[in-house]
Amino acid sequence: MRNAFSKLPVKNRRAVSQIMGSIVILGIVSSVGSVILFNGMNSISAFTYDLSFHEKSKNQIHREDIVFEHVRFEPNTDNIVITLANIGTVESVITNVTILKIDTQEIIANWVDVNEIISVNDSQQIILDTINDSDIILNTGSQIWNDPYYVNSEYKISLTTSRGNFITTVASPFNT
C-alpha cells in the first residue's frame, strides 16, 4: 500500500521564521507599551504637581504635636500654670484654653485667649489668672484651689492651636 499523501505535489511554501515573527511582535508591543508608559508617567507627574499646591497647609496640621508636661494648680490662689512641650516638627501657636470641672460640668475657664508660641523642641508655660483674675472663675467656697469643693475634683484642660488642632488632658489639684 502506498501512502495516500504521496501523490499530492509538494509545494515550496515560504513563511516568516519564528525569530523574525517574535522580533516584529516585540517591536509592536514595546512601541505601544512605551507610549502608554510615558502617558501614564506624565499623568502621575501632573497629579503630584497639583497636590503640591493643596497639601502644604494641611500637612502642617498633621505635623503639629503638643504634650502636657505639667499642670500646676497654685495653692492658696486660683492660678494655674500649664507647661507644654512641642514635640512636633512645626512651630505651634496656642490660641485658646478651656478648663472644665468634670464632676459638675462647671466651666472654670471659657475660651481664654493666650496666643503663646511654642517653638519646635521647646517648652512653654501658660500662666492663667495672675494679672487680672478674669481668666479662671471659681464661684464656690473660698475661691481658691485649696477649697474642698475644688481639691477633690478632676479638670479637663483643652487647648486649641492656630491650625485648629485640639489637645486635651485631665488633671487634678495637688495630685489628689
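Which residues does serine 123 touch, not counting residues up to four places away in sequence? Select serine 123 together with Glu69, Leu84 and Ala85: these are the residues in question, where contact means heavy atoms within 4.5 Å.

This is a predicted model, in which local features need pLDDT of at least 70, side-chain atom pairs count only at pLDDT 80 or more, and totals for chains, interfaces and linings use all residues. Residues are numbered from 1 along each chain as its sequence is written, and side-chain values use heavy atoms, with hydrogens and water left out.

Stay on serine 123. Its place is in strand β5, residues 123–128; strands (E, at least two residues) are DSSP runs numbered from the N terminus. Serine 123 counts as partly exposed because its relative accessibility is 35%; buried means under 20% relative accessible area, exposed over 50%, and partly exposed in between (1.4 Å probe, protein chains only). Show the side chains of serine 123 and glutamate 69, which make a polar contact at 3.2 Å (a pair of N or O atoms within 3.5 Å; within protein, one must be able to donate a hydrogen and the other to accept it, and residues adjacent in sequence count only if both atoms are side-chain atoms).

Next, select threonine 160 in strand β6, residues 155–161. Threonine 160 counts as buried because its relative accessibility is 11%. Leaving aside neighbours within four places in sequence, its contacts include Trp111, Asn165 and Phe166.

Finish at isoleucine 82. Beyond four places in sequence, isoleucine 82 is in contact with Phe68, His70, Val71, Val97, Gln124, Gln125, Ile126 and Ile157.

Conventions. Helix = DSSP H or I, 4+ residues; strand = E, 2+ residues; numbered from the N terminus.
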